[in-house]
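Let's take a walk through a protein model, one part at a time. Keep the picture open while you read.

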Amino acid sequence: MTQTLDNNVTGDPSVATMRAAVVTEFGAPLDITDVELPVPGYGEALVKLETSGICHTDLHAAHGDWPVKPAPPFVPGHEGYGTVVALGEGVQDLAVGDKVGNAWLWSACGSCEFCRTGWETLCESQRNGGYSVDGSFGTYMVVNAAYAARIPEGANPLEVAPILCAGVTVYKGLKVTDTRPGQWVAISGIGGLGHIAVQYARAMGLRVVAVDIDDAKLALAEQLGAEVTVNAKTQEAIAEVQKATGGVHGVLVTAVHPQAFGQAIGLTRRGGTIVFNGLPPGDFPAPIFDIVLKGLTIRGSIVGTRQDMAEALDFYTRGLIHPTVTSAALDDVNEVFERMERGQIDGRVVIDYR
Ligand code: NAD
Ligand code: ZN
Ligand code: ZN
């Protein structure tokens, strides 16, 4: 089966290969090279990629930033979109030709307390795309048929890729701010996640404050419908947000600097909820007095369930979300990572394999 795929670059019919960007050592440039084409196992499908978003999480993964580390060599990428080209055994509900995506939640156990209660994102036996399972920085990838995102017909391959992580993550994150239409939400960090968060927030009827440290990001947020923009580097962010809104009802922190996490407490109105999506390594100071007296809720939120994914994709399909995307080649991954580290990417960079 695999030998007939069209990008067997070795010319040796006994070994099918593909092109991939591989992390061989934390902090080193990715090795863009030929690797063996994976064979889908039981319940899995092989997908020929068309596009893949590049998420800041991929950069954290390549740097080994977090306490639980992936094991090099591995292929990052969890915003991959493509076509099913082969099925492993036991796959009932996917067919060759179907359009699917991988995701951070590559699979979960399906039977633990969290899986049983609608919290599969907290499953302790989950596997993660581009982290504990090879991901979408390659011309092919394997997905778990039960957990792969089903991509609606008519999706734009470049635009839909960022929905698979950035989109579902901020959609779920906004839901758990417990804000209602007409209330204020601050999005802190207007990068890949944040600029999409502005759009989901608007589609949910929320009023948006955008906070970043870069004026170009804030200009994009304003264009996408943020009513208030604040540069946390050059302005007194807390005073400005309090003056403009009286304190926001909810905050979604997608920023990649710990400073934004402590600052969120000051942006919030009494009784408000702060949700952390961003995952920079480190800690932040949390003033106990303010949290108690203001009756604040602070919670983390990690990606979304398969149902959240279907809902996030539905917003996209209905034309409510248009990620700002720039296309790149797989060979550009290291250069994109460098720009990402310097905060120089507007919206999302998406690898185009077509
Ligand atoms: P990105 O690099 O595209 O954007 C980060 C943004 O943060 C940039 O616009 C940058 O200017 C801004 N920023 C930096 N310092 C700031 C500060 N002090 N205040 C306000 N803004 C600041 O990154 P991304 O792909 O959007 O990812 C953001 C973070 O979210 C990463 O840590 C990533 O790992 C994490 N993430 C978490 C989940 C989850 O499920 N919780 C999912 C995806 C990504
Ligand atoms: Zn991601
Ligand atoms: Zn589970």
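## Ground rules

This is a predicted model, where local features need pLDDT of at least 70 and side-chain atom pairs count only at pLDDT 80 or more, while totals for chains, interfaces and linings use all residues. Residues are numbered from 1 along each chain as its sequence is written, chains are lettered from A and ligands numbered from 1 in the order in which they are written, and side-chain values use heavy atoms, with hydrogens and water left out.

## Two domains

The chain is assigned domain 1 (7-164 + 304-352) and domain 2 (177-300); bounds like these come from an automatic or database domain assignment. Taken over C-alpha atoms, their centres are 28 Å apart. Domain 1 brings 18 residues to the contact and domain 2 brings 17 residues, where contact means heavy atoms within 4.5 Å.

About 1400 Å² is buried between domain 1 and domain 2, with 64% of it from carbon and sulfur atoms. Buried area is the accessible area (1.4 Å probe) that two parts lose on being put together, summed over both. On the domain 1 side, Phe315, Ile321 and Asp346 lose the most area to domain 2, together 27% of what that side buries.

Cys55 sits in the loop between strand S3 (44-53) and helix H1 (56-63), and His78 in the loop between H1 and strand S4 (80-87), so the pair ties together parts 23 residues apart in sequence. Helices (H or I, at least four residues) and strands (E, at least two) are DSSP runs, numbered from the N terminus.

The peptide bond from Pro72 to Pro73 is cis, with omega near 0°.

Thr169 belongs to helix H4 (residues 166-175) and is buried, at 5% relative accessible area. Its side chain reaches the backbone oxygen of Cys165 at 2.7 Å. Leaving aside neighbours within four places in sequence, Thr169 is in contact with Leu193, Asn277 and Val303.

Val303 is in the loop between strand S15 (297-300) and helix H10 (306-317). Val303 counts as buried, at 8% relative accessibility, and has a positive phi near 30° although it isn't a glycine.

## One side of helix H7

Which residues of helix H7 (residues 237-245) are buried? They are Ala237, Val241 and Thr245. These cover an arc of only 30° around the axis, so they are on the same side of H7; the arc is that of the directions from the helix axis to the C-beta atoms. Here's the background: an α-helix has 3.6 residues a turn, so residues three or four places apart point the same way.

The buried residues of H7 pack against several elements, including strand S11 (207-212) and helix H8 (259-267). Just after H7, Gly246 takes a positive phi of about 75°.

Conventions. Buried < 20%, exposed > 50% of the residue type's maximum accessible area, 1.4 Å probe, protein only. Polar contact = N/O pair within 3.5 Å; in protein donor to acceptor, adjacent residues only side chain to side chain.
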